[in-house]
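I opened the model today to look up helix packing and pockets. My entries follow.

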Amino acid sequence: MRIISDSTLALQRCFSAQNITRLPANNSAISRLNYLDLAVDCTPLTDKLIAAMHVPSDREIANTLRALDDILLTAEQAAAESATEISVDDLQLQTSLSDYIFEDAVPIDYELCRSLSIISESSSSCSSLTSQSMQNGGWSRLRNILSLAQDDNLCRYFQNTKNIVLRSAICVALPTFLRQLIAYYTEASLESYSASKATRLSLALFSSTVPLLLNFIGGLRDYFHGTANVVTQSSRAFNMLVCSGALIAAATTDVLPGIASTLVSFLFYSLLREGTQTLVRLSSEAKIGVTQTLLAAGLYIPNQVAVSFTMSQTASPSGAASAAQHCIYGDTVVNDLLRAGINTAGELADSLVFRGLNALHSEIPLRNRLEISWPESELPGDVMFNSIAARTALMTTPLMASAALQTALAQYFDEQTLEQIDDAFNAVLLGMIYPSFVAAITGYPAPSMTDSKC
């Protein structure tokens with residue numbers, strides 16, 4: 001760091017004669033002095049030197065305040081002008097300020113705000129700063145901004161929410177919309193070609209057995225790679241068990257041909273969502289705990305009840321159901337968009353709850369960092385046989401079980417009551433699979449929240 005001439009007074013204050021350790025004049029003592037003793041004796045002196053180098057002079061403080069005030073005034077003038085009247089320099093200033101404010105570096109921003117706040121407190125006692133720049137309204141507004149920005153929680157809440165919303169829009173809203181689109185056109189194609197029941201059944205069996213194959217192969221892969229443990233293997237076994245049970249129930253009630261299009265769309269949805277979540281990740285230092293995962297699973301049940309009920313009431317028909325009713329896609333695209341928004345809201349709430357609970361358990365402030373890149377430590381096989389295997393089981397199991405339940409209870413309840421029972425059943429089943437879904441992805445040594453679930 002360059003020491004300017006204005007800092008000499010600070011250096012003189014820190015290095016008076018009584019603060020400097022004098023070496024003994026005895027030649028024998030000097031001869032016995034080694035470099036380690038010299039380093040130990042000079043440690044206080046070095047600390048004072050470093051501290052003095054960081055002490056700003058009065059002139060430095062005054063120049064800093066004037067520069068900050070000019071920035072504020074320029075930004076305010078640029079904001080007051082119309083977009084066509086903004087000069088290139090002003091527009092560049094606005095862009096730079098926006099990039100800084102929305103840059104994902106909350107701890108650095110917080111430290112900067114704290115440092116500027118200290119300067120403002122120090123400047124209030126400096127007689128040299130009673131100039132026009134201190135009396136200007138720009139500096140007073142900056143002090144108000146600093147008082148808010150110095151609240152680390154406020155900055156952190158904003159950054160966390162912003163990052164989760166951005167990621168959810170990319171990784172949930174878009175795949176959900178495409179899921180409904182795929183379901184519609186798959187069903188419309190089957191209808192237009194008058195596909196036989198055998199064709200529909202083959203398509204449904206293929207889509208419903210993919211989760212079983214992926215989890216089975218993933219278990220073998222972990223075993224031969226030496227990464228298998230009780231948590232991940234038990235989770236895979238549970239996922240395969242409930243998925244097999246739902247498949248048997250659907251086959252027994254003969255509903256598989258009717259849900260073939262939806263099964264295909266949910267298979268593609270799992271691929272799209274886990275693929276995008278691998279590229280667009282939220283990382284955090286919070287560790288995933290068993291109790292917190294179970295609590296999040298319990299809260300996921302009312303979450304999904306609300307999501308299913310809202311979709312049924314405001315966004316139906318959609319997907320394969322609209323194609324089966326021979327609706328034109330343009331007439332139901334709004335329902336697809338609504339379902340994408342509703343599902344995103346539900347997953348956004350779940351992500352906030354899941355991450356918040358784990359951060360509370362870890363006793364650290366929750367800081368979600370958004371990363372967009374392919375993780376170097378994660379191989380495509382890990383994504384396929386861990387994340388996608390767990391996601392496909394989570395998606396297809398409730399679909400098959402729900403269709404079987406509706407067929408079995410159709411003669412006992414009216415359509416509205418049956419729909420309510422179906423929503424509750426789906427939510428409970430999702431809550432039951434939720435812990436094994438998380439464990440199958442994050443149950444490896446030292447799990448953190450840098451994974452596709454979170």
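How do H13 and H15 run relative to each other, roughly parallel or roughly antiparallel? I looked up the angle: their axes cross at roughly 165° and come within 10 Å. H13 and H15 are therefore roughly antiparallel to each other. I use these classes: under 35 degrees is roughly parallel, over 145 roughly antiparallel, 65 to 115 roughly perpendicular, and the rest oblique. Axes are lines fitted to C-alpha atoms, for helices over the stretch in contact, with angles from 0 to 180 degrees between N-to-C directions. Helices are DSSP runs (H or I, at least four residues), numbered from the N terminus.

I noted the basis of the work. This is a predicted model, where local features need pLDDT of at least 70, side-chain atom pairs count only at pLDDT 80 or more, and totals for chains, interfaces and linings use all residues. Residues are numbered from 1 along each chain as its sequence is written, and side-chain values use heavy atoms, with hydrogens and water left out.

**H13 and H15**
H13 passes H15 in a right-handed crossing. Right-handed means the near helix is turned clockwise from the far one by less than a right angle, left-handed anticlockwise. I sorted their contact by class: 12 nonpolar, 11 polar and three charged residues. Nonpolar covers Ala, Val, Leu, Ile, Met, Phe, Trp, Tyr, Cys and Pro; charged covers Asp, Glu, Lys and Arg; the others, Gly among them, are polar.

**H10 and H11**
Next I took H10 (residues 197-225) and H11 (residues 230-252), whose axes come within 10 Å and cross at roughly 160°. H10 and H11 are therefore roughly antiparallel. Their crossing is left-handed. Contact (heavy atoms within 4.5 Å) involves, among others, Leu205, Phe216 and Asp222 of H10 and Arg236, Met240 and Leu247 of H11. I found eight nonpolar, nine polar and two charged residues there.

**H10 and H12**
The axes of H10 and H12 come within 8 Å and cross at roughly 30°. This crossing is left-handed. In H10, the residues include Arg200, Leu203 and Phe206; they meet H12 residues including Leu263, Val264 and Leu267. The contact holds eight nonpolar, three polar and one charged residue.

**Largest pocket**
I then checked the largest pocket, which holds about 1,500 Å³ of space. Its lining counts 43 residues, with Arg339, Leu399, Ser402, Gln406 and Asp422 nearest the centre. By class the lining has 19 nonpolar, 14 polar and 10 charged residues. Among the helices supplying at least two lining residues each are H13 (290-314), H15 (329-362) and H16 (380-409). A pocket is an open set of points on a 1 Å grid over the protein atoms alone, where a 1.4 Å probe fits, with protein on both sides within 12 Å along at least five of seven lines; lining residues have an atom within 4 Å of a point. Points are joined across faces, edges and corners, and the volume is the space filled by probe spheres set on them.
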